[in-house]
Amino acid sequence: MGLTEWLLRHTPPHPLVTATPGGTAARLAAERVLRERGWREAASPAEANLLVVAGPLDDDLRPYVEAVWAQIPRPRARTQIDSATAAPSAVDAAVATLRDADLQRHQDDDAPPEGHDIGHEQQGHQRHESHDASAHGSHHGNEGGNDSGHQHDDDSQNKGEDHVGGHQHHDMGHDMGGMDMPGNVAMADRGEDRDGLTLDRVHLPLGPVLPDWPAGLIVHSTLQGDIIQDATVETVGCGGAPYPHPFWTGDAHRVAAWRLDSCARLLSVAGWADAAATARRFRDEVLPGGRSTRPENIAPLLSAWARRVRRSRVLRWSLTGVGVTPDVPSTPPGLRGDTLTRLYRWLGDAERALTGTVTPSDEDDRAREARWTLDALPDLLTGTEFALARLLVASLDPDLDTVTTPKVAHG
């Protein structure tokens, strides 16, 4: 056995798990397999050596998955899990690929061709809007200016160079004149910040291939410093109608599992990995087929864990005042308050569900909450610090399987 084979055999898998619309059951099964094997999930492509895509993968989502796959360093392996029952064997096959030295040496480079990065696809229309609305207006208003490669020396040159100059500017908008930004993030020109200062802005997308992120959701944000100046919400990979049987529809046990899953995703994003892992373990135990078929077996343990979460001062400090939703009648009752309020509400729902004092999950209510979230996210995110954006989204946790009609919401 050579050194490479030995290292591959002893390198622990570090999976990056992401879900697609309709892939909740596959995601939960994959997370359970990984947890039971003691593997720590990666928070980014740079940390991962195993990409796990849970759920159906259509042509709309495929470019995003390929873009993330291209960012994972070698040695690496990937798998797509379409159903819960296929999770163990799919993970085994991917790990076997990861540890096969010959396959790793001869693995085809399936990264997207150069210049076909996902950032281009995600941000194309936004850059064109910037090109038309701000860049052209500002530069043409700058008489005799020599900004961004434009030359406005005389009319004859302008007529001859308008088209060329336009394309030069177009290119500048896409790659900043050959200057690549980290992660292929493009500059979005300049604009006034909230203090009236003219500062650089960048377009930065969030999702849809992201751990602990709603499946199929993309947030296109325009950043100035660490503040989101503008946000647009889009869904991808969704069919034309809601899935016939969204995963979280069912009895009180399913409600408890749903709320625990939301708690786990929010706690993971907040950085409390141990509490998130405990929430996932409780979730798996109360789901049909889990170890605990009797609520009385798990209810005391769940309550003790919930009290520990509520007593966390760091968590209160981190989540208080984040993502406060409007206090108006149109805001769904389950989404009112700030991020901490919603977390505490989920904890209470999970506890009450195990004692039979919470009604089963209502699909229509979840659909209304998801639609409201898609409409409200642009306004909620605008003016928010970028570091808090994922906390805000995780605290709303829309179930997009109930509203799979493609949608774009603008701020």
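Me: Buried means under 20% relative accessible area, exposed over 50%, and partly exposed in between, with a 1.4 Å probe and protein chains only. Which residues are buried in helix α14?

Reply: In helix α14, which covers residues 386-396, the buried residues are A389, L391, L392, V393, A394, S395 and L396. Helices here are DSSP runs of H or I with at least four residues, strands are runs of E with at least two, and both are numbered from the N terminus. Just after α14, D397 takes a positive phi of about 40°.

Me: What kind of model is this?

Reply: It is a predicted model, in which local features need pLDDT of at least 70 and side-chain atom pairs count only at pLDDT 80 or more, while totals for chains, interfaces and linings use all residues. Residues are numbered from 1 along each chain as its sequence is written, and side-chain values use heavy atoms, with hydrogens and water left out.

Me: OK, salt bridges. How many does a search of the whole structure find?

Reply: The search finds 20 salt bridges, each being a side-chain nitrogen of Lys or Arg within 4 Å of a carboxyl oxygen of Asp or Glu. One of them joins R27 and D261, whose closest N and O atoms are 2.8 Å apart. That pair links distant parts of the chain, with R27 in helix α2 (residues 24-36) and D261 in helix α8 (residues 252-270), 234 residues apart.

Me: Are R27 and D261 buried or exposed?

Reply: R27 counts as buried because its relative accessibility is 6%, and D261 counts as buried because its value is 2%.

Me: And which residue does E31 bridge to?

Reply: E31 forms a salt bridge with R283, the closest N and O atoms being 2.9 Å apart. Because E31 lies in helix α2 and R283 in helix α9 (residues 273-286), this pair ties together parts that are 252 residues apart in sequence. E31 is buried at 4% relative accessibility, and R283 is buried at 0%. The side chain of R283 also meets that of D284 in a salt bridge, at 3.0 Å from N to O, and D284 is buried at 3%.

Me: Which residues are linked in that network of salt bridges?

Reply: The network links R27, E31, R35, D212, D261, R280, R283 and D284.

Me: Switching topic: why is F282 with W305 called edge-to-face?

Reply: The F282 and W305 rings have their centres 6.0 Å apart and their planes at 70°, so the pair is edge-to-face. Rings of Phe, Tyr and Trp (its six-membered ring) pair if their centres lie within 6.5 Å, and planes under 30 degrees apart count as stacked, over 60 as edge-to-face and the rest as tilted. F282 in helix α9 and W305 in helix α10 (residues 295-311) are 23 residues apart, and both are buried.

Me: Last one: why is strand β6 described as largely enclosed?

Reply: Strand β6 (residues 217-224) has 8 of its 8 residues buried, so it is largely enclosed by the rest of the structure. Both of its faces are covered, with L217, V219, S221 and L223 buried on one side and I218, H220, T222 and Q224 buried on the other. Strand β6 runs antiparallel to strand β7 (residues 227-235), and 8 bridges join them, where two strands pair if DSSP finds at least two bridges between them. The bridge partner of L217 in β7 is T235. The hairpin of β6 and β7 has 2 residues between the strands, and G225 there takes a positive phi near 70°.
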